[in-house]
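Reader: I would like to go through this model term by term. For each label, please set the value against its cut-off.

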Amino acid sequence: MKDDRPALPSIRAAAELAKLELTAGEERLIERELLELLDFAAPLLELDTTGTEPSGHGLELGNVLREDRASPCKMRLSRATQEGLIPVPGAIGGEGGQ
Amino acid sequence: MSAIAGRSLAQIAAELESGIYSSVELTERCLSEIERDELGIFITVTPEQALFSARQSDRRRAAGERLSVLDGIPMAVKDNLCTKNIRTSCASRMLESFVPDYDATAVSRLLCCGAVMLGKLNMDEFGMGGSGDSSFFGAARNPRNPEHTAGGSSGGAAAAVAAGLAAYALGSDTGGSVRQPAALCGVTGLRPSYGRVSRSGLAGLAGSLDQVGVIAGNVRDCALVLGAISGEDAADSTTLPGTAPDFTGLLDGGISGMKIALLEEQCSGMAQEVKAALLETVKVCEGLGAKVERVSVPLLDTALPVYEIISAAESSVNLARYDGIRYGYRAAEYGSLDELYTKSRTEGFGREVRRRLMLGTLLLMPELRDTYYNRATRVRTLIKSELDRLLESFDLLLSPTVPTLPWRLGESRSIGERRDCDSCGVAAALAGLPAISIPVAGAGMQLTAGRFAEAELLAAANAITEADR
C-alpha cells in the first residue's frame with residue numbers, strides 16, 4: 001500500500017496556504033504525521049465506492065432559500081469601528097506594524 | 001458542599017417554587033463554590049450577569065410568572081458558544097480577548113427560558129482534542145480524581161456538572177466531544193441529531209459534524225434542556241424545519257420489546273472496568289425486556305480515518321477566518337500583509353490546532369484531495385447507509401462511550417491511545433445520528449438511535465439508568 005501512495009504535496013506549500021510558519025523540525029514532524037494518517041486511512045482505498053455519491057453532511061440537505069429581503073446585519077465585529085468602518089493595519093506599500 | 005450536586009432540574013425547580021431558597025441564594029452558593037474551584041473548570045465567570053438573571057427570576061417567580069422549569073437554575077456554557085458581551089475564547093490565545101455582541105441561538109433560547117448563566121467553560125482549543133491539554137488556559141481536571149483528565153473537548157462542561165458547580169451545561173460534539181467527557185466524568189451527555197439544534201453562534205470546527213449538545217446529571221434533565229434549545233433557526237439553514245417535539249413525553253416508556261445491536265467493532269480494547277460495565281448494561285437491558293444481539297459492522301473500522309480526514313479538512317477551512325485583521329489575535333510585529341496573517345496565526349494558535357490545520361490543508365491539496373478527502377466523503381455515505389440499514393432492524397445501537405478509563409493529565413499517550421478516545425464516538429457524528437452517554441456501573445455507555453429519534457433514545461437511556469440505580 002505504501003508504494004501505491006500518491007506523491008506528497010509540499011509541506012512548505014501547504015504552510016503557505018494555511019498561513020502558518022513552521023520550523024524545519026515542525027515540517028519534518030508534519031510530514032511524518034501525514035504519512036501516518038495516510039497509512040491509517042489505507043483501508044479506505046480498498047473499499048469499492050463505485051456509484052457512491054459523496055456525503056457533505058449526515059443529512060440529505062438541499063439549498064434552503066429565504067425571501068430576498070434586506071434586514072439589518074445582526075453582527076458587528078469586536079474591533080472598534082470608526083464611522084462604520086473597521087480600522088486595519090496598512091496593507092499597501094509593504095508597510096508593516098510597529 | 002455543592003448546592004446542586006445530585007439534584008435534578010425538577011427538584012431544584014420545585015425547591016425554588018416552594019421558597020426553600022431563592023434563585024439569588026442558589027446562584028450565590030454556586031458562585032462561591034466556583035471561586036473555590038481548583039479544577040480549572042471555568043475560563044470566565046460572570047457573577048454580575050448571573051446574579052442579575054437570578055434576581056429577575058425571583059421577581060418573576062414572586063409574580064407567578066415563571067418562564068419555564070429552567071427559570072432561575074444556574075447553568076454554564078462551553079467557551080466556543082458566543083455569549084453577548086462575555087468573552088468567548090474557544091480556549092485559544094487567538095480569541096483570548098474576543099467579546100461577541102450576540103448570543104449563540106442555543107444560549108439565547110436558554111436565557112429566554114430564564115436560565116442563569118454562571119460563566120464559560122474550559123475546553124480543548126477550538127474543540128480540537130479529547131483531554132483538555134490543548135487549552136490555552138490549562139486543562140480542566142476531573143472532579144472524580146483531580147490527577148486525571150476530564151476529557152474533551154467539552155471537558156469543562158462535564159466537570160462543571162460532575163462537580164455540582166452547574167445544574168447542566170451546553171457543550172459541542174463533533175466526534176464525541178460531549179459524550180466522551182461525560183463518560184469520563186460520570187455524568188450524562190447527549191449529542192442530538194445533526195440539524196436538531198442551531199449552530200448559529202457556535203465557533204465552527206467541522207460544519208458537517210458539529211452539534212451543540214447537553215451535559216447534565218441525568219437523562220431527564222438532558223431531555224428538558226434539549227427541548228428548550230431545539231428547533232428551526234433562520235440563522236442556521238441546516239436546522240430541521242418546524243418546532244421541536246416534546247422529548248420528555250416518552251421518558252417513562254421503558255425498553256421492553258426493543259431490539260438493541262451491540263456493535264462488535266466498538267467493543268475492542270476495552271479496559272476491564274469498561275467491559276464489566278458493558279456486560280452489566282446488557283444484563284440491565286435484558287432484565288428490562290429488551291433483546292441485545294451482537295452485530296458486526298466491519299465498515300465501522302473505517303469511521304475513524306474518515307472522521308480524521310473530513311474533520312481536519314473542514315477545520316482548515318473554518319479556521320481560515322482567523323487572520324488577525326477583523327478580530328482575534330494580531331501579531332505585534334510584521335513586515336507585510338502576508339507576514340501579518342502568518343505571524344498572527346502561528347502565534348495565536350496552539351500546537352494541536354496548527355497540526356490539524358496543516359493536515360487538513362495537505363489533505364485538500366491536489367495531490368491528495370481526490371484519493372483521500374473525496375474518497376472519505378464517499379465512504380461516509382457508505383457508513384451512513386449501513387447505520388441507517390441497521391437501524392431499520394434494531395431500535396438502538398449500544399457500545400461503550402470510551403473504551404478506557406480517565407488517564408492521568410500530562411501522561412504521554414501514543415497515537416493509538418489517543419485515537420481510542422474517538423473510536424466509538426465518530427460514527428454517529430458522520431451519520432448525523434443522535435447518541436447519548438449514560439453512566440452505568442462506573443463507566444460511560446453509549447446508545448445511538450435513528451435520525452431524529454431523540455425521544456426514543458432518551459426513553460431507553462432513562463430506563464437503563466433508572467434500573468441501574
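Author: Start with the elements. Helices (H or I, at least four residues) and strands (E, at least two) are DSSP runs, numbered from the N terminus. This is a predicted model, where local features need pLDDT of at least 70, side-chain atom pairs count only at pLDDT 80 or more, and totals for chains, interfaces and linings use all residues. Residues are numbered from 1 along each chain as its sequence is written, chains are lettered from A in the order in which they are written, and side-chain values use heavy atoms, with hydrogens and water left out.

Reader: Where is B:Ala91 found, and what is its phi?

Author: B:Ala91 is in the loop between E2 and H4 of chain B. Its phi is positive, about 55°, although B:Ala91 is not a glycine. Most residues other than glycine have a negative phi, and most peptide bonds are trans.

Reader: Is B:Ala91 buried or exposed?

Author: Buried means under 20% relative accessible area, exposed over 50%, partly exposed in between (1.4 Å probe, protein chains only). B:Ala91 has 0%, so it is buried.

Reader: What makes B:Ala441 partly exposed?

Author: Its relative accessible area is 43%, so B:Ala441 falls in the partly exposed class. B:Ala441 also has a positive phi, about 50°, although it is not a glycine. Its place is the loop between strand E12 (435–440) and strand E13 (443–448) of chain B.

Reader: Which peptide bond is cis?

Author: The one from B:Gly152 to B:Ser153, with omega near 10°. B:Ser153 lies in the loop between strand E5 (145–149) and helix H5 (155–162) of chain B.

Reader: Why are B:Asp79 and B:Lys120 called a salt bridge?

Author: A salt bridge is a side-chain nitrogen of Lys or Arg within 4 Å of a carboxyl oxygen of Asp or Glu. For B:Asp79 and B:Lys120 the N to O distance is 2.9 Å. The pair links distant parts of the chain, 41 residues apart: B:Asp79 is in the loop between strand E2 (74–78) and helix H4 (105–112), and B:Lys120 in strand E3 (residues 116–121) of chain B. B:Asp79 is buried at 0%. B:Lys120 is buried at 0%.

Reader: How do you know that B:Asp236 and B:Arg199 meet in a salt bridge?

Author: Their N to O distance is 3.9 Å. B:Asp236 lies between helix H7 (219–229) and strand E9 (259–263), and B:Arg199 between strand E7 (188–191) and strand E8 (211–216) of chain B, so the pair ties together parts that are 37 residues apart in sequence. B:Asp236 has a relative accessible area of 6%, so it is buried. B:Arg199 has 18%, so it counts as buried.

Reader: With which residue does B:Glu308 form a salt bridge?

Author: With B:Arg419, the closest N and O atoms being 2.6 Å apart. B:Glu308 lies in helix H9 and B:Arg419 in helix H13 of chain B, so the pair ties together parts 111 residues apart in sequence. Both B:Glu308 and B:Arg419 are buried. B:Arg419 also meets A:Glu36 in a salt bridge (2.8 Å, N to O).

Reader: How many salt bridges are there between chain B and chain A?

Author: The count is 5. One network links A:Glu33, B:Glu352, B:Arg355 and B:Arg356.

Reader: What is in contact across the two chains?

Author: Contact means heavy atoms within 4.5 Å. 66 residues of chain B are in contact with 57 residues of chain A.

Reader: What area is buried between chain B and chain A?

Author: Buried area is the accessible area (1.4 Å probe) that two parts lose on being put together, summed over both. Here it is about 5,500 Å², with carbon and sulfur atoms giving 67%. B:Met358, B:Tyr372 and B:Arg375 supply 12% of the area that chain B buries against chain A, more than any other three residues.

Reader: How do you know that the length of H10(B) agrees with a helix?

Author: The expected span is 1.5 Å times one less than the number of residues. The 12 residues of helix H10 (residues 337–348) of chain B should span 16 Å, and the end C-alpha atoms are 16 Å apart, so the two agree. Its buried residues include B:Leu340 and B:Arg345. Their cover includes helix H1 (11–18) of chain A and helix H11 (351–363) of chain B.
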